[in-house]
Amino acid sequence: MRSTSDLLVGDEHVVVRGLWRAVDVFRCLALCYAAWSVWLRNAEVAHLPGAILVLAVVAAWTVAQTVRPLRTVRAYAAELAIGCGAVLATRLVDHDWVITAGAKTIPSIWPTAAIVGFAILRGWRGGLAAAAVVAASSFVEVVHPTANTVSNSIFGLLLGGCIGYCVDLARSSHAAHAEAMRLAAARAERDRLARTVHDGVLQTLAFIHRRGTDLGGEAATLGAMAGEQERILRALVSEPDLAEVERAIGGETDLRSSLRHVASESVQLVTPADPIRLTHRVADELVSAVEAALDNVHRHAGDGARAWVLLDDDGAAVTVTVRDSGRGVPTGRLEEAAAEGRLGVASSIRGRLADLGGTAQVTAGPGGGTTVELRLPAKRRS
């Protein structure tokens, strides 16, 4: 897995990519300027070999970052440490009177690259923090702050804060643009689907809804189901606000009404008085599992077998129990069916509940009959 720092530079705004290139160029130019400054005042340097050694370390890091740039917090923390160490090392290679006179430090403006790097990586907070570290090193090195020390420190703080703020704006605009493109693509795809399904499918569902209501009985239940699907589909293909589409599809429904269609002469549905609210997705999966259990009853329980579907919500979990009066399931039969590739119970029932984060238990009574218990924890309702 990539680190957060790697993710920050993986898909950047063009402004941020330009800043990274500018930092690489600035680092090289700052090294040349530092070397030129030491050359100009080489007679004032107390320990010239020490100054050259400091510049060599700075040059080695510059070459490494130029040949193979690292855009991580760890790399720029190392660069910041090298820059601050070079600033502090100035006191070891320069005379006190040279330092107090306001002479440039050995690395000069080279540590500014680390300030800008942190501003790009961590925004204005990172830029200010890096600038504060460089400023503190400069004050420690000079002991008695000069006008140049103060002005350079203020400049570093302004640079880190302003560039970091610009980077934050660039990233937020880049994210907003990417989100707008995603929404535009989603709308275009939805419009394409709308042209395909709007007329025929919606009109058919509306007709089934009306006719089912007129006929009554089981047809009314089927009509209500068609009306619900018409509502969701109409929102999907015509609602301009995608948030409304999400609410229409992912809203809540009453599990009691979702299971009402399973009741028949041979199947008795027993529900509590209070609604059992689940999201459409979870309710549809539970209903499909119940339908699969009832299908097994019709197929294998024998002629004349009756079934009962019991709903319960105790607050901790929603439980749906499907019990029948059939011949029962022999011991080991479910495992044999799964091994033979007949996955009605394993996939349609247990698999669905496992995907929802619930459990499904199938037990056979001693005198016949089978009980399927579907249990969904309360925290898995959505």
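Student: Why does Y33 count as partly exposed?
Tutor: Buried means under 20% relative accessible area, exposed means over 50%, and partly exposed is in between (1.4 Å probe, protein chains only). Y33 has 30% relative accessibility, so it counts as partly exposed. Before we go on: this is a predicted model, in which local features need pLDDT of at least 70 and side-chain atom pairs count only at pLDDT 80 or more, while totals for chains, interfaces and linings use all residues. Residues are numbered from 1 along each chain as its sequence is written, and side-chain values use heavy atoms, with hydrogens and water left out.

Student: How many aromatic pairs does a search of the whole structure find?
Tutor: The search finds two aromatic pairs.

Student: What makes the pair of W20 and Y76 tilted?
Tutor: Rings of Phe, Tyr and Trp (its six-membered ring) pair if their centres lie within 6.5 Å; planes under 30 degrees apart count as stacked, over 60 as edge-to-face and the rest as tilted. The ring centres of W20 and Y76 are 5.6 Å apart and their planes are at 50°, so this pair is tilted.

Student: Which parts does the pair of W20 and Y76 tie together?
Tutor: W20 is in helix α2 (residues 14-40) and Y76 is in helix α4, so the pair links parts that are 56 residues apart in sequence. Helices here are DSSP runs (H or I, at least four residues), strands are runs of E with at least two, and both are numbered from the N terminus.

Student: Are W20 and Y76 buried or exposed?
Tutor: Both are buried.

Student: Why is the pair of Y33 and W36 also called tilted?
Tutor: The ring centres of Y33 and W36 are 6.2 Å apart and their planes are at 35°, so this pair is tilted. Y33 and W36 are three residues apart in helix α2, which separates them by about one helical turn. W36 is partly exposed, since its relative accessible area is 49%.

Student: At what angle do helix α4 and helix α6 pack?
Tutor: Helix α4 (residues 73-93) and helix α6 (residues 112-142) pack at about 20°, with their axes 9 Å apart. That makes α4 roughly parallel to α6. Angles under 35 degrees count as roughly parallel, over 145 as roughly antiparallel, 65 to 115 as roughly perpendicular and the rest as oblique. Axes are lines fitted to C-alpha atoms, for helices over the stretch in contact, and angles run from 0 to 180 degrees between N-to-C directions.

Student: At what angle do α2 and helix α3 pack?
Tutor: α2 and helix α3 (residues 48-67) pack at about 165°, with their axes 10 Å apart. That makes α2 roughly antiparallel to α3.

Student: What is the relative accessible area of S108, and of V143?
Tutor: S108 has 16%, so S108 is buried. V143 has 46%, so V143 is partly exposed.

Student: What makes phi worth a look in S108 and V143?
Tutor: Most residues other than glycine have a negative phi. Phi of S108 is near 55°, a positive value in a residue other than glycine, and V143 has a positive phi of about 65° although it is not a glycine. S108 is in the loop between α5 (96-100) and α6, and V143 is in the loop between α6 and α7 (147-215).

Student: How do you know that R171 is buried?
Tutor: R171 has a relative accessible area of 17%, so it is buried. R171 lies in helix α7.

Student: What is the order of the strands in the open sheet?
Tutor: The open sheet of five strands has the order β2-β4-β5-β7-β6, with mixed pairing. β2 (267-270) and β6 (359-364) stand at the edges with a single partner strand each, so one side of each is left without a neighbour in the sheet. The twist averages 15° from one strand to the next.

Student: How many bridges join strand β4 to strand β5?
Tutor: Two strands pair if DSSP finds at least two bridges between them. Seven bridges join strand β4 (residues 307-313) to strand β5 (residues 317-324), and these strands run antiparallel. W308 has R323 in β5 as its bridge partner, and D313 has V318 in β5.
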